[in-house]
Amino acid sequence: MRPATSDFELWSRVNAADAEALGLLFKRYQKSIYNYCFRQLGDWAAPVDLSSVVFLEAWRRRDKELVPDFVRAWLFGIATNVVRNRKRSERRHRAALLRLPVEYRTPSHADDADARLDAEYDMRVILAGLERLRRSEKEALALCVWSDLSYEEAAVALNVPVGTVKSRVARARQRL
């Protein structure tokens, strides 16, 4: 069933500083953006914040003129950059920690949901398998396969030609 108001109509309202329209886009795509971020990071907690950052960034860039039918793809493009920034930040943080003296911590014995831990473990195993791919191939695969974007939408999200997305996905599938 198609939403009553198109993404492009909502984005036009966002262009006019209508925060409610952005809220409707958030309700429409937050779960998909969350899942995309989770699949990139293999962590349940971070995507909550990252999906919010995506929509805050969209609001900050609300003067952006978008092509009709590609608002969703543009949001996934923002999500791709947010995830890249998060990974870069984590790498820098790990490197900084390695420069510190070793500290031993007592493990927490808090009750954690087994299902969530299993899902995180499974996602880390999958992400480890994906390490054989180039970053560009992983991003194209994640957008087209996991997040169900068309090649055209992924091209908008990654700011590359459609043929480039197709070849990246094909190479990723071949390597896997």
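Reader: Which helices each supply at least two residues of the lining of the second largest pocket?
Author: Helix 4 and helix 7 each supply at least two, helices being DSSP runs of H or I of at least four residues, numbered from the N terminus. This is a predicted model, in which local features need pLDDT of at least 70, side-chain atom pairs count only at pLDDT 80 or more, and totals for chains, interfaces and linings use all residues. Residues are numbered from 1 along each chain as its sequence is written, and side-chain values use heavy atoms, without hydrogens and water.

Reader: Which helix gives the most to that lining, and which residues lie nearest the centre of the second largest pocket?
Author: Helix 4 gives the most, with 4 residues. The lining has 13 residues, and Arg61, Lys64, Trp74, Val156 and Asn159 lie nearest the centre. A pocket is an open set of points on a 1 Å grid over the protein atoms alone, where a 1.4 Å probe fits, with protein on both sides within 12 Å along at least five of seven lines; lining residues have an atom within 4 Å of a point.

Reader: What is the volume of the largest pocket?
Author: The volume is about 590 Å³, meaning the space filled by probe spheres set on grid points joined across faces, edges and corners. Of its 26 lining residues, Gln40, Leu41, Lys87, Glu90 and Glu131 are the closest to the centre. The second largest pocket holds about 280 Å³.

Reader: How does the lining of the largest pocket divide by class?
Author: There are 14 charged, 9 nonpolar and 3 polar residues. (Asp, Glu, Lys and Arg count as charged; Ala, Val, Leu, Ile, Met, Phe, Trp, Tyr, Cys and Pro as nonpolar; the others, Gly among them, as polar.) In the second largest pocket the lining has 7 nonpolar, 3 polar and 3 charged residues.

Reader: Which helix provides the largest share of the lining of the largest pocket?
Author: Helix 4 does, with 9 residues. Helix 2, helix 4, helix 5 (114-130) and helix 6 each supply at least two.

Reader: Turning to packing, at roughly what angle do helix 4 and helix 7 cross?
Author: Their axes cross at roughly 50° and come within 7 Å; axes are lines fitted to C-alpha atoms over the stretch in contact, and angles run from 0 to 180 degrees between N-to-C directions. Helix 4 is therefore oblique to helix 7. (Angles under 35 degrees count as roughly parallel, over 145 as roughly antiparallel, 65 to 115 as roughly perpendicular and the rest as oblique.)

Reader: Which residues meet there?
Author: Arg72, Ala73, Trp74, Phe76, Gly77, Thr80 and Arg84 of helix 4 meet Glu153, Val156, Ala157 and Leu158 of helix 7, where contact means heavy atoms within 4.5 Å. The contact divides into 6 nonpolar, 2 polar and 3 charged residues.

Reader: And at roughly what angle do helix 2 and helix 4 cross?
Author: The axes of helix 2 (residues 19-41) and helix 4 (residues 71-98) cross at roughly 40° and come within 10 Å. Helix 2 is thus oblique to helix 4. Residues making this contact include Tyr29, Ile33 and Tyr36 of helix 2 and Leu75, Phe76 and Ala79 of helix 4. By class, the contact has 11 nonpolar, 3 polar and 3 charged residues.

Reader: How many helices and strands does the protein chain have?
Author: The protein chain has 8 helices and 0 strands, a strand being a DSSP run of E of at least two residues. Its C-alpha trace spans about 55 × 40 × 35 Å along the principal axes.
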